[in-house]
Amino acid sequence: MIHMQKQRPIRATGWRLARHALFTFNNRRLSQHLAPEKRTSLAHLHQTITRMRLPSGQMRLPGWLTPREQQTLYALAYLLPGPILEIGSWLGRSTACLASGIRDSTQAKTLVAVDLKLKPEYFRPYADKIGFFYPSTSDLPLAVVDKEDFTRNVEPIIRAPGGSRQVLRENLTNLDLIDLVHVVICDFRDAPVLPYRLVFCDVTHDPIEIERNIPDMAHLLAPGTILACHDIDATNEKCLHKLLPFRYSFMRDSLFVGEL
Ligand SMILES: C[S@@+](CC[C@H](N)C(=O)[O-])C[C@H]1O[C@@H](n2cnc3c(N)ncnc32)[C@H](O)[C@@H]1O
């Protein structure tokens, strides 16, 4: 009996390879057209950032970044000089975008990724949601998550042995990116102090969290640093502008990108 060959995976692999080659070529061409003095100015980089693509397609890791946000982080890490700091890695969706950008730039750049050792006591019900209370004795949550999202996506990870740190390391290892990332488990207030040129910050979910966290990262920022913050709506953006003097900024979905 003759079995029909399954064509789908072959076509899919062919398309993936072609897309990878096309996007890699496109990114290299866009990057090569940038004059060296324009590489650190966000106003000059803005258009190029929006035209770059993630060659591997969107990261298939759990997380909340949209495809356009992932692509923006990838482009920032590709185009900007290091060192780069990530605050809030969770399971590595954003970390993988930043590390892939560094890898594809073929330049040596330090990427430090910090996250807390998350404990179940940081989470408890708040109104009809689950609040993130850090420290656990706080009265007000720094962020809230829908109950269903928490039960399905967060609780099993923080209760598992090794927690989110272990899954983060496994995810980066599986993507062959672990050697490009210094994974540091600490509060960002204790992060290694380096002359960061790009800081990606995923601890800015609402005005309370922004006002608690942004002033405490002043020692990690300097004039010229590019700060990207996730989960920014109009209220959060106003809050960021109130706290920091941005020379130039833009939004892509809920990712705020600003140059200090
Ligand atoms: C929304 S998640 C990050 C998602 C991740 N960037 C992604 O792309 O999937 C926020 C993360 O910030 C971390 N976090 C919150 N407060 C922090 C702090 N003070 N220092 C370091 N990490 C913190 C939390 O532990 C959590 O893992």
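I began with Ala-228 and found its bridge partner, Val-257, in β10. Strand β8 (residues 226-229) and strand β10 (residues 255-259) pair in the antiparallel sense over 4 bridges. I noted the rule: two strands pair if DSSP finds at least two bridges between them.

Before going on, I wrote down what I was looking at. This is a predicted model, where local features need pLDDT of at least 70, side-chain atom pairs count only at pLDDT 80 or more, and totals for chains, interfaces and linings use all residues. Residues are numbered from 1 along each chain as its sequence is written.

**The sheet of 7 strands**

Next I traced the sheet that holds β8 and β10. It is open, with 7 strands in the order β6-β2-β1-β7-β8-β10-β9 and mixed pairing. I found β6 (182-185) and β9 (248-252) at the edges, each pairing on one side only. The twist averages 15° from one strand to the next. For such angles, axes are lines fitted to C-alpha atoms (for helices over the stretch in contact), and the angles run from 0 to 180 degrees between N-to-C directions. Helix α2 (residues 42-51) lies across β8, β9 and β10 and runs at about 20° to β9. Contact means that the C-beta atoms of two residues, placed from the backbone, lie within 7 Å.

**The sheet of 3 strands**

I then looked up the other open sheet, β3-β4-β5, with antiparallel pairing. β3 (123-126) and β5 (143-146) are its edges; each has a single partner strand, so one side of each lacks a neighbour in the sheet. Here the twist averages 40° from one strand to the next. β3 is joined to β4 (residues 129-132) by 4 bridges. Phe-123 has Phe-132 in β4 as its bridge partner. Helix α5 packs on this sheet, touching β3, β4 and β5, and its direction makes about 85° with that of β5.

**Helix α5**

Where does α5 kink? I found a kink of about 35° at Asn-153, shortly before Pro-156. The bend at a residue is the angle between axes fitted to the seven residues ending there and the seven starting there. α5 (residues 147-159) spans only 16 Å between its end C-alpha atoms, while a straight helix of 13 residues would span 18 Å. That expected span is 1.5 Å times one less than the number of residues.

**Loops**

The bond from Gly-82 to Pro-83 is cis, with omega near -10°. Pro-83 sits in the loop between α3 (67-79) and β1 (84-87). Another cis peptide bond joins Tyr-134 and Pro-135, with omega about 0°. Pro-135 is in the loop between β4 and β5. Trp-90 is not a glycine, yet its phi is positive, about 50°. I placed Trp-90 in the loop between β1 and α4.

**Around the ligand**

Trp-90 came up again here. It is among the closest of the 19 residues that surround the ligand, along with Gly-63, Gly-88, Arg-93 and Ser-94.

Notes
A residue is near a molecule or strand if its C-beta atom, placed from the backbone, lies within 6 Å of it. Helices (H or I, at least four residues) and strands (E, at least two) are DSSP runs, numbered from the N terminus.
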